[in-house]
Amino acid sequence: MFYRGKYVDAGDGREMGLKRQRVVDQGSQYYNAPQASSFIYSPPAYSYVNQPPTFPVVRLRGLPYDVTEADITEFLHGLDIVDVLFANRHGKFQGEVYCVLGYAFQVEYALQKNHQNMGRRYIEVFRSNRQEYYKAISNLVTDSRGGGGGGGGFGGGGARSRSPRRGPPKPRAHDPAKDNMEHTGVLRLRGLPFTADRDDLVDFFEDWYLAEDSTCFMVNSEGRVTGEAYVKFGSPEVSKAAMVKDGMSLGNRYIELFPSTMEEWEEAVTKGRSNVPKPSEEDTPVLRMRGLPFSAGKDDIVDFFKEFTLTEDSVHITYNSEGRATGEAFVEFASLEDSKAALAKDRMTLGSRYIELFMSSPEELRDAVSRGR
C-alpha cells in the first residue's frame, strides 16, 4: 500500500492505514462512532481559514476484475494515493475502488480521468465523501465477520482489502433493483470488448431476434468505441426477458445490462454507430500499441521489439493536448513481413503492463500524432 504523508496532524499516511485497520478490528461500531473519532486535519494556516478541507476521496467504477493497486496508481499517475479500498460485497469484487488522495485539490485532477481507459475498459471517476468511504469499510467488515472473504487494511493482521484474483471474470451478482425498472424494449450494455461488433451482439442475444438496425455502439470524440452499446428489441417483454444475460460473458468480459428508454436510444443513434467493423487485416508496416506505461520511452519500445530492426525515429508515442502520454504509440516496421511477425508479441508485457497490438496504417499514425501537437 502507499504511505504518502499528507495529513499533518496524523504524522504521515500510515496513520490512515492504522485507522482503517481499527475499523476492521472493531467492526461496524467504529463506522457509527461520533464525529470526534473521525480523521483530524491540521492543514497549514494559509490553506484553510475556518473549516477543514474536503475529505479527499474519489470512487472509480467499471474496473477490470484483474485490476491491481499498481494499475490504480498508474491510472492516477502523478497523484498522491494514501489508501486504495477495493469494494467487496459477499466476498466478491464489485468493480469499484475508493482512492483516498493526499490533498483535497487533487480530487479535481482525479476527476479529469473520468472515461479514460484502463486496458480495454473505460473507467468512470466520481467525487465521493467520507461517509461513502466508511460505509465501504463497514461492508467490508460485515463480510469479513461473516467469513465472506472481503477485507481491508494496511499492514498487520486482520481482514485485508484485496485486489481481485487474476483469471476470467465472474458474473456479477444479480441486482434486484433492476427487476423493478420499467422496460421499453431498449437495453444499454456496458463493459463490451472494444473489438465487439454487431455480429457479436446478435450471438450474445441469440435467443432473441435482433433486427438489422437494432444495435448502436457508442463512440468518443475521437470516434473510438467506449465499451457501451444500445440494443432495441421488438417489445418491452422481449427486452425484459433478455435481462437474464445480465452479468454473463462476451468473450472474456462480463456484460452489464440496464433497461433504457426510447429517448436514450434515439440520442445514441445520433451519436453512435450501428456497427463497429472488425480491425482491418489489410497488410501494413505500421502497428499501434495500446496499454503502455505512461513512463515508457522510445528506447523501451525499441527494446520490446528487439527481435526486429527498429530505430527511435520509427517509434511515435502519442500525447494528449496537455502534453501527457496517452499510453499509445505507433511503430513503423521495415516491411510488411516484420509488422505481421511482430503481432506475435500481442499481450506480452512491457514493465508491469500487458501490451495490445493492432494493425494500423500511415494515415492513422499521422492523425494520431497531429492530434497531440
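**Cores and sheets of the predicted model**

Val97 touches Val58, Arg59, Leu60, Leu63, Ile72, Val84, Leu85 and Phe86, not counting residues up to four places away in sequence; contact here means heavy atoms within 4.5 Å. This is a predicted model, in which local features need pLDDT of at least 70 and side-chain atom pairs count only at pLDDT 80 or more, while totals for chains, interfaces and linings use all residues. Residues are numbered from 1 along each chain as its sequence is written, and side-chain values use heavy atoms, with hydrogens and water left out.

Val97 is also among the residues with the most contacts inside the largest nonpolar core, which has 22 residues; Leu60, Leu63, Ile72, Leu76 and Cys99 are the others. Such a core is a set of buried Ala, Val, Leu, Ile, Met, Phe, Trp, Tyr and Cys residues joined through side-chain atoms within 4.5 Å, where buried means under 20% relative accessible area, exposed over 50% and partly exposed in between (1.4 Å probe, protein chains only). At least two residues of this core come from each of strand E1 (57-61), helix H3 (69-75), strand E2 (81-89), strand E3 (92-101), helix H4 (106-111) and strand E5 (121-127). Helices (H or I, at least four residues) and strands (E, at least two) are DSSP runs, numbered from the N terminus. E3 supplies the largest share, 4 residues. Another core, of 21 residues, lies apart from it and includes Phe205, Trp208, Ala242 and Met243. In soluble globular proteins, nonpolar side chains tend to be buried together.

Four strands form an open antiparallel sheet in the order E7-E8-E6-E11; two strands pair if DSSP finds at least two bridges between them. Strand E7 (215-219) and strand E11 (256-259) are its edges, each pairing on one side only. Within this sheet, strand E6 (residues 186-190) and strand E8 (residues 225-232) are joined in the antiparallel sense over 5 bridges, and Arg188 has Tyr230 in E8 as its bridge partner. Helix H8 (residues 262-271) lies across E6, E7 and E8, at about 65° to E7; axes are lines fitted to C-alpha atoms, for helices over the stretch in contact, and angles run from 0 to 180 degrees between N-to-C directions.

Ser214 occupies the loop between helix H6 (198-204) and E7. Ser214 counts as buried because its relative accessibility is 2%. Leaving aside neighbours within four places in sequence, Ser214 is in contact with Arg198, Tyr230, Val231, Lys232 and Trp265.
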